[in-house]
Amino acid sequence: MKRILLGAGLGVAATLALAAPAQAAKTLVYCSEGSPENFNPMVNTTGTSFDVSLPVYNNLVQFERGGTKVVPGLAETWDVSEDGLTYTFHLRKGAKWHSNNDFKPTRDANADDVLWSFNRQWKKDHPFHKVSGGAYDYFNDMAMPDLLKSIEKVDDYTVKFTLNKVEAPFIANLAMPFAAIQSAEYADALQKKNQIDKIDQAPIGTGPFQFVAYQKDAVIRYKAFEQYWGGKAPLDNLVFAITPDAAVRYAKLKAGECHIVPYPNPADLEAMKKDSAITLMEQEGLNVGYLAFNVTKKPFDDVRVRRALNMAIDKKAVVDAVYQGAGVPAKNPIPPTMWSYNKEIEDYPYDPERAKKLLAEAGFPDGFETDLWAMPVQRPYNPNAKRMAEMMQADLAKVGIKAKVVQYEWGEYRKRLQAGEHQMGMLGWTGDNGDPDNFLHVLLGCEAARAGGSNIAKWCYKEFDDLVVQAKRTTDIAARTKLYEQAQVIFKEEAPWLTVAHSVVHMALSKNVVDYKMDPFGIHRFYGVDLKQ
Amino acid sequence: MLRFILTRVSLVIPTFLGVTFLTFLLIRLVPGDPIEVRVGERGIPPERLLELRHELGLDRPLWQQFLDYIGGVLQGDLGVSLVTRNSVFSEFVTLFPATLELAALAMLFATVVGLPAGIIAAVRRGSVFDHGVMGISLTGYSMPIFWWGLLLILFFSVGLGWTPVSGRLDLLYYVEPVTGFMLIDTLMAGEYGAFWSALHHLILPMIVLGTVPLAVVARMTRSAMLEVLGEDYIRTAKAKGLAGKRVIGLHALRNALIPVVTVIGLQVGTLLGGAILTETIFSWPGVGKWLIESINRRDYPALQGGVLLIATTVMTVNLLVDVLYGVLNPRIRHSR
């Protein structure tokens, strides 16, 4: 019985090997980690859903490949008025729209499409506002409704944005995935057919890859768009094979079933490094994991205590143990890949003796009792907050501080931290638009220090706040860099946080992938990537 | 017989209501609602949270939400997924054939291997083969599916390169889904290469999902056969001088099959439960994987609808098995 079965199995395998089809022209297979909600970056917040829509769409401006610098997209150039309130975008001529069975475009991308796309997110009475849930989280998070005064069409290829206040990161915001441009003509066609939901399910864009088909939870197919304004992609086809389990993704890479694999298991990294058929890429993520001291509560209102804690914890040991090679100790609140990162800053050394002395000066020669909040979940900037908390607890005990680890369910945890219920709490942040403002103002500014705000140290320090607010109101990058560098010096002196780590993101690639660039925002982009035949 | 069926059907109704109520309640007891899960570190202003909750109808009292839901279900409306905004029923119908195809093949595998193994083990009771089958089936029954799946992938797909790692079809093929059953769709499209590819992709997940039912079927067949083989009528048949094969194949097996059929029917629940893990390992686009994502995203309607439809499937199969049991064994229906 057994022999027969085994024989039959071998027979099937042999037949199948012969039946394998011939290799098609340059198809890159990306083993993605999950299923997208739909194909519209306006309504989503996850990297998974941005990955699937980025091949299809363009923005007015976009981030350069592999960087955070803003470069032209559908807008070839733009002018900013003297007062910093008016942005005029000059659109590219001849940017073609994709087509599908329902839609054949009759015109190129123009100002109408830009207005349509922003109004969809902005105006509640827009006919497409409610499509796909209509939450537009990022549009709201980036405070666009408060910022925008008007968007006007000057002519077919010129659009004018007027703002309510000066906001230097505005241009960077427009390069974020949510600010994609959809086709107004496609929308009209769908509306006539009474199929408006299709706009986010069968996307039409001006991007380098044209959407072909999505088999739910299994495969997404794209083909290179021949008429792409930036030139046809070197690849002919792009396929996303949805593979949720990291171990299976690795197996697929080894078996040659995919070319690029995101989010490898930390445990597999060593083996990947040794494998000669695999390239392992790594990059510091645009993120920071930190421990915030609630400066509105005793004893953390005293800067000496905050400095002492910075010296009492052996950061390197914590990072090595918790990130296992996928993290680097952080000294600044912004990641090293970001412009204006202040290299000159010196981190507090690990020095329990000095920490004790400082504590004694502050009136705590025998230490004190405190809480130490730790996330209940794994986050991109911190793979294991519980373990981290335990290690910190042990270090703190050495200088006489008794820390009690506190955990809540994730939603509850954030809510309570933002309300300021903690004494010490861990959290982190992943950058949205590559602008230092997105860290320094959003996480440490006075505006965010109110109850419910995202400044969980509740640290409102005028000198620091003046700098970051001024930087927001300045459009010159060199001048802004100076302000942010100075702000980081104050931050370090005042020590509202113990900056813990920037996590390192890994990607595993097959050796025949050419010119893949890791994206600092953690998004996966395939325009410009090639395959060795 | 009709009366028997009607009694069985009437028992389904409370089960159905119970399942609906439990899923509705349990997913709401899991902390974090669909909006909070989505916003992450950036948080959300309280007034915006209220507004979004209101739009999704999550701000109404629980009982009202439940009554509305039941009302919808009775009219055949399972609602709309909070994540994709597609109808839950249409999503389920798109994905269910993949699960069904896998489960059917796994069951076939379990029966085709388990039944003969059980019979031989019973006939050669106490032999090396018997101990071997029982040992292997006990191991199979206790095997953690996740580990077992990865092990097979590493050995057959990565090590030997015999089978694909995961997925349903080689990516070079594209077959427009008609029935959703890949084996049927590829044949209908006349793509024989794709048919082989689909079959090829089914081998490992089928074995992984079929392992537990295989063990159950083998053990059940063995014990049922042993019981029957000890009956007087078998001794009589043998005494009449009937050939051993005929005694076993006709007289013993027929009677032994009755409990085995029931067990096979009951395995449908196990299969659909096991499909959740198997589908996740093999990136199989079925309802199991979909349910896991729905839980993570707190997609209430998708999860409720999915569980309800799966429960309905299991209940229907159990009902059919009960009826079939009655047909196979007249004593059951007469005793009512």
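**Reading a bent helix and its surroundings**

Author: Helix 11 of chain B bends by about 50° at B:Leu253. The bend at a residue is the angle between two fitted axes, one for the seven residues ending there and one for the seven starting there. Helices here are DSSP runs of H or I with at least four residues, strands are runs of E with at least two, and both are numbered from the N terminus. The model is predicted, so local features need pLDDT of at least 70 and side-chain atom pairs count only at pLDDT 80 or more, while totals for chains, interfaces and linings use all residues. Residues are numbered from 1 along each chain as its sequence is written, and chains are lettered from A and ligands numbered from 1 in the order in which they are written.

Reader: How far apart are the end C-alpha atoms of helix 11 of chain B?

Author: The expected span of a helix is 1.5 Å times one less than its number of residues. Helix 11 of chain B covers residues 244-281, which is 38 residues, yet its end C-alpha atoms are only 45 Å apart, short of the 56 Å that a straight helix would reach. For helix 18 of chain A (residues 477-494), the 18 residues reach 25 Å from first C-alpha to last, close to the expected 26 Å.

Reader: At what angle do helix 5 and helix 11 of chain B pack?

Author: Two packed helices are described by the angle between their axes and by the distance between those axes. Axes are lines fitted to C-alpha atoms, for helices over the stretch in contact, and the angles run from 0 to 180 degrees between N-to-C directions. Helix 5 (residues 88-123) and helix 11 of chain B pack at about 145°, with their axes 10 Å apart. Their crossing is right-handed; a crossing has that hand if the near helix is turned clockwise from the far one by less than a right angle, and is left-handed if anticlockwise. Residues of helix 5 in this contact include B:Leu102 and B:Ala106, and those of helix 11 include B:Leu253, B:Ile264 and B:Leu271. By class, the contact has twelve nonpolar, three polar and no charged residues. Ala, Val, Leu, Ile, Met, Phe, Trp, Tyr, Cys and Pro count as nonpolar, Asp, Glu, Lys and Arg as charged, and the others, Gly among them, as polar.

Reader: Which residues of helix 7 of chain B meet helix 11 of chain B?

Author: B:Ile145, B:Phe146, B:Gly149 and B:Leu150 in helix 7 meet B:Gly274, B:Leu277, B:Thr278 and B:Ile281 in helix 11 of chain B. These residues divide into five nonpolar, three polar and no charged. The axes of helix 7 (residues 145-159) and helix 11 of chain B come within 9 Å and cross at roughly 35°, and this crossing is right-handed.

Reader: Is B:Ser283 buried or exposed?

Author: A residue is buried if 20 or more other C-beta atoms, placed from the backbone, lie within 10 Å of its own, exposed if 12 or fewer, and partly exposed in between. B:Ser283 counts as buried because it has 25 C-beta neighbours inside 10 Å. In chain A, A:Ser340 also has a positive phi, near 80°, and counts as buried with 22 such neighbours.

Reader: Which residues of helix 18 of chain A are buried?

Author: They are A:Arg480, A:Leu483, A:Tyr484, A:Ala487, A:Gln488, A:Phe491 and A:Lys492. An α-helix has 3.6 residues a turn, so residues three or four places apart point the same way. The buried residues of helix 18 pack against helix 16 (437-444) and helix 17 (462-472) of chain A.

Reader: How many residues of chain A are in contact with chain B?

Author: In chain A, 48 residues are in contact with 42 residues of chain B. By class, the side of chain A that touches chain B has 21 nonpolar, 14 polar and 13 charged residues.

Conventions: Contact = placed C-beta atoms within 7 Å.
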